[in-house]
Amino acid sequence: MYDFEFGTSEEIASNELEFLIFIKHLLPRWCNSIPDSEFAAIYHLLESQKDHLNSNSVLVETGAGASSLVLLNFAMKNNLDLFSWEINATKCAFLRGVYNDTLGKYYRKSLWDYWKYVPCNSLSDHIGLSILGELKKNVVFCFLDSEHTLKTMLGELNALDPVLAENAIVAIDDANYNYKFVNVSYVNMQRKKLGLPPVVETDENIGGSFFDECSEVLKE
């Protein structure tokens, strides 16, 4: 149950971020992997985009979770669509129930009208990020939090490039990472659980940080 009494609409509106962080704290760890500070940063960045919205504006994330909460809040408040690519459909179904009990109750709106989650790889040829071009959408904000490899992240940026609005904001989770092809930290965590020896890191797998590499691509 997540449909608690959160206060009046006026009380929530007067401190919206506190309301959202309260909901975030109710989420289990497996779908709440970003810290409150990152969550709050996304909130404030979204608010800075209010003057750049039009009828084709959309929000995008790769990897659903607590980020979906703050993105969906902005989408419902401003009548936008949020597109989420997440390979775990069960995770999205759970989150939809939580956010329906909280945001849906607060806004008196249906999540189905605002949240378009796509349970597949973000780089799928036919239902990946490239469909935003088919739908003639302009991305004003995107949060990239999928495989955590430079190969995937640059693939996502290239797919988004044709539909990024002029003032779009690109936010990246774990932007200090520098894995080119394999997220060795994650791989070795899983291998340890299985009683396997760690994968040895190679120089070929290490590049610049996601922040630096993606900044260069965006400048070009």
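Begin with the lining of the second largest pocket, whose residues divide into eleven nonpolar, one polar and one charged, where Ala, Val, Leu, Ile, Met, Phe, Trp, Tyr, Cys and Pro count as nonpolar, Asp, Glu, Lys and Arg as charged, and the others, Gly among them, as polar. The model is a predicted one, in which local features need pLDDT of at least 70 and side-chain atom pairs pLDDT 80 or more, while totals for chains, interfaces and linings use all residues. Residues are numbered from 1 along each chain as its sequence is written, and side-chain values use heavy atoms, with hydrogens and water left out.

Select Val170, Ala171, Ile172, Ala175 and Phe211, which lie nearest the centre of this second pocket among its 13 lining residues. A pocket here is an open set of points on a 1 Å grid over the protein atoms alone, where a 1.4 Å probe fits, with protein on both sides within 12 Å along at least five of seven lines; lining residues have an atom within 4 Å of a point. Helix 3 (36–47), strand 5 (164–172) and helix 9 (210–219) each supply at least two residues of the lining, helices (H or I, at least four residues) and strands (E, at least two) being DSSP runs numbered from the N terminus.

Next, move to the largest pocket, with a volume of about 1,100 Å³, and select Lys91, Asp145, Ser146, His148 and Tyr186, which lie nearest its centre out of 35 lining residues. Helix 4 (66–78), helix 7 (150–160) and helix 8 (184–193) are the elements that give two or more residues to this lining, and helix 8 gives the most, with three.

Now display the strands: five of them form an open sheet in the order 3-2-1-4-5, with parallel pairing, two strands being paired if DSSP finds at least two bridges between them. Strand 3 (115–118) and strand 5 stand at the edges with a single partner strand each, so one side of each is left without a neighbour in the sheet. Strand 4 (residues 138–144) is joined to strand 5 by five bridges, and Val139 stands opposite Leu164 in strand 5.

Finally, select the cysteines. The count of disulfides, pairs of cysteine sulfur atoms within 2.5 Å, comes to zero. The sulfur of Cys31 is 10 Å from the closest cysteine sulfur, in Cys92, which is too far for a bond. Cys214 is likewise in no disulfide, the nearest cysteine sulfur, that of Cys142, being 9.6 Å away.

Terms used:
Points joined across faces, edges and corners; volume = space filled by probe spheres on them.
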